[in-house]
Amino acid sequence: MILEDLYYGNWRPSEQIKSTDPESQKVNQKINEYMEMLKNKLPAADFEQIEVMFDLLSESTSLHSAAAFIHGYRTGVMTIIEVFSGEKEWVAGNKP
């Protein structure tokens with residue numbers, strides 16, 4: 001239940017998203033291939049720096065996703081407020 005999960009701090013929408021877009025899967029496969037290639041070509045210390053950069057990039061993407069989620073949620077709520085604060089006759093079933 002969403003409200004209970006919100007209350008207990010267990011609602012994490014970003015963890016529930018699994019892309020089924022084939023293009024996303026192709027991009028992730030290419031990333032994995034490049035990472036493996038770099039791991040084999042570079043000295044361990046250099047590759048570790050690349051891993052740190054990817055971790056920072058992942059954190060940045062996560063922060064952006066959270067901001068986008070908040071913006072979308074607020075926009076949705078504002079839309080609902082606008083709909084329910086509109087003409088009461090139409091909401092009650094009487095068309096304008």
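Let's start with E51. It sits in helix α4, which covers residues 44-84. This is a predicted model, so keep that in mind throughout. How exposed is E51? Its relative accessibility is 36%. Buried would be under 20%, and exposed would be over 50%. So E51 counts as partly exposed.

Together with E48, D55 and E59, E51 forms a negative surface patch.

Now a step back to the whole chain. The protein has 5 helices and 0 strands. Along the sequence, the pattern reads α-α-α-α-α. How much of the protein is buried? Of the 96 residues, 3% are buried. The protein exposes about 8,900 Å². Carbon and sulfur atoms supply 60% of that area.

Next, the nonpolar side of the surface. Which residues form the nonpolar patch? They are V27, I31, M53, F54 and L57. Together they have about 420 Å² of accessible area. Helix α3, residues 22-41, supplies at least two of its residues, and so does α4. The largest share comes from α4, with 3 residues.

Take V27 as one of the patch members. V27 lies in helix α3. Its relative accessible area is 40%, so V27 is partly exposed. Look back at E51 for a moment: that residue is partly exposed too, at 36%.

On to the aromatics. A pair of aromatic rings is described by two things: the distance of the centres and the angle of the planes. How many aromatic pairs does the structure hold? It holds 3.

One of them is Y7 with Y8. The centres are 4.9 Å apart, and the planes stand at 90°. That pair is edge-to-face. Are Y7 and Y8 buried or exposed? Both are exposed.

Another pair is W11 with F69. Here the ring centres lie 5.7 Å apart, with the planes at 65°. Edge-to-face needs an angle over 60 degrees, so this pair is edge-to-face as well.

What does the W11 and F69 pair link? It links distant parts of the chain. W11 is in the loop between α1, residues 2-7, and α2, residues 13-16. F69 is in helix α4.

Ring pairs link W11, F69 and Y73 into a cluster.

To wrap up, look at helix α4 on your screens.

Methods: Residues numbered from 1 in each chain as written. Predicted model: local features only at pLDDT ≥ 70, side-chain atom pairs only at ≥ 80, totals over all residues. Heavy atoms only, no water. Patch = residues over 30% accessible without salt bridge, like charges linked within 9 Å, V, L, I, M, F, W, Y side chains within 5 Å. Areas by Shrake-Rupley, 256 points an atom, 1.4 Å probe, with all protein chains shown as cover. Salt bridge = Lys/Arg side-chain N within 4 Å of Asp/Glu carboxyl O. Lys, Arg positive; Asp, Glu negative; His and termini not counted. Charge placed at Lys NZ, Arg CZ, Asp CG, Glu CD. Helix = DSSP H or I, 4+ residues; strand = E, 2+ residues; numbered from the N terminus. Buried < 20%, exposed > 50% of the residue type's maximum accessible area, 1.4 Å probe, protein only. Phe/Tyr/Trp six-rings, centres within 6.5 Å; stacked < 30°, edge-to-face > 60°.
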